[in-house]
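This report concerns the nonpolar core and the charged side-chain pairs of one protein model. The sequence and structure are shown first.

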Amino acid sequence: MFELTIAVNFEAAHCIRNYPGKCNRLHGHNWKVEVNIYGSQLNELGMLVDFVDLKAAINGIMVNLDHYYLNEIEPFCRINPTAENLAKYIYEELAKTPIFNENVKLRSIRIWESSNSAAAYSQEA
């Protein structure tokens, strides 16, 4: 099995509604997103997926998050923009892209809101 991981960054503000502490106030993070994919067969070039294509796919999602107040965009105007919810949102949006097929699977999204705190989402048990 082959596995690839890339990382991208974005900056965005949020607040956690009804949080019993300072995170209920408006604040921002320099978020880091790690994308992990896997598959068993390489293409004719000897690649699972070209890093360029994978980065383009994730950057198509990041453009909708970077330098935004997350609480004002879907679905975060309805649910709290926690690291956990962001990881799931990015996973679900990325999974819709044509980069994935019967051979190339999305394993997980890990999102760091600081150098010491991260959340991950996958659909694996």
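Predicted model: local features only at pLDDT ≥ 70, side-chain atom pairs only at ≥ 80, totals over all residues.

**Nonpolar core**

The largest nonpolar core holds 34 residues, among which Val-35, Ile-37 and Ile-90 touch the most other members. At least two residues of this core come from each of strand E1 (2-14), strand E2 (27-39), H1, H2 and strand E3 (105-114). H2 provides the largest share, 7 residues. In soluble globular proteins, nonpolar side chains tend to be buried together.

Beyond its neighbours within four places in sequence, Ile-37 is in contact with residues including Phe-2, Leu-4, Leu-54, Phe-100 and Leu-106. Glu-3 and Arg-107 are also among the contacts of Ile-37.

**Salt bridges**

The model has 5 salt bridges, and the table gives some of them.

| Pair | N to O distance |
|---|---|
| Arg-107 and Glu-3 | 3.2 Å |
| Glu-74 and Arg-78 | 2.7 Å |
| Lys-96 and Glu-93 | 3.0 Å |

Arg-107 and Glu-3 meet in a salt bridge; because Arg-107 lies in strand E3 and Glu-3 in strand E1, this pair ties together parts that are 104 residues apart in sequence. Arg-107 is partly exposed at 24% relative accessibility, and Glu-3 is partly exposed at 47%.

**A loop residue**

Val-63 is located in the loop between helix H1 (51-62) and helix H2 (83-95). Its relative accessibility is 55%, so Val-63 counts as exposed.

Technical notes. Residues numbered from 1 in each chain as written. Heavy atoms only, no water. Helix = DSSP H or I, 4+ residues; strand = E, 2+ residues; numbered from the N terminus. Buried < 20%, exposed > 50% of the residue type's maximum accessible area, 1.4 Å probe, protein only. Core = buried A, V, L, I, M, F, W, Y, C linked by side-chain atoms within 4.5 Å. Contact = heavy atoms within 4.5 Å. Salt bridge = Lys/Arg side-chain N within 4 Å of Asp/Glu carboxyl O.
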